[in-house]
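Below is a short briefing on one protein model.

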Amino acid sequence: MSALQEQRAEWLDSKFWDRLDRLEHRHRQVRTEHESARRGLSKVDPRATEEIHDAWRRYCEVIADLDQTTAELEALCRSAS
């Protein structure tokens, strides 16, 4: 058992911690995707409207995913309180 696992509240079951770990991992992934999408959007040639639309669509998809994982993390933490 890792030190992190030993520090976890004993009154919360392993399903909670497994779900929290998965959500935190996904949230980190989505934040990385968000930064990549944002950088991609800033590199787009303003004259390339199709490229701008594609970059914007991707940015919006990532933001929606980030919002969802953030809400899930917050809900999980609230339910543990």
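Buried residues (under 20% relative accessible area, with exposed over 50% and partly exposed in between; 1.4 Å probe, protein chains only) make up 23% of the 81 residues in the protein chain. This is a predicted model, in which local features need pLDDT of at least 70, side-chain atom pairs count only at pLDDT 80 or more, and totals for chains, interfaces and linings use all residues. Residues are numbered from 1 along each chain as its sequence is written, and side-chain values use heavy atoms, without hydrogens and water.

Fold and surface
- The protein chain has three helices and zero strands, counted as DSSP runs (H or I, at least four residues; E, at least two) numbered from the N terminus.
- The protein chain exposes about 6200 Å² (Shrake-Rupley, 1.4 Å probe), and carbon and sulfur atoms supply 52% of that area.
- Of the contacts (heavy atoms within 4.5 Å) between residues at least 6 apart in sequence, 64% join residues at least 24 apart.

- Beyond its neighbours within four places in sequence, F16 contacts L76 and A80.

Cysteines
- The structure holds zero disulfides (pairs of cysteine sulfur atoms within 2.5 Å).
- C60 is partly exposed at 35% relative accessible area, and C77 is partly exposed at 42%.
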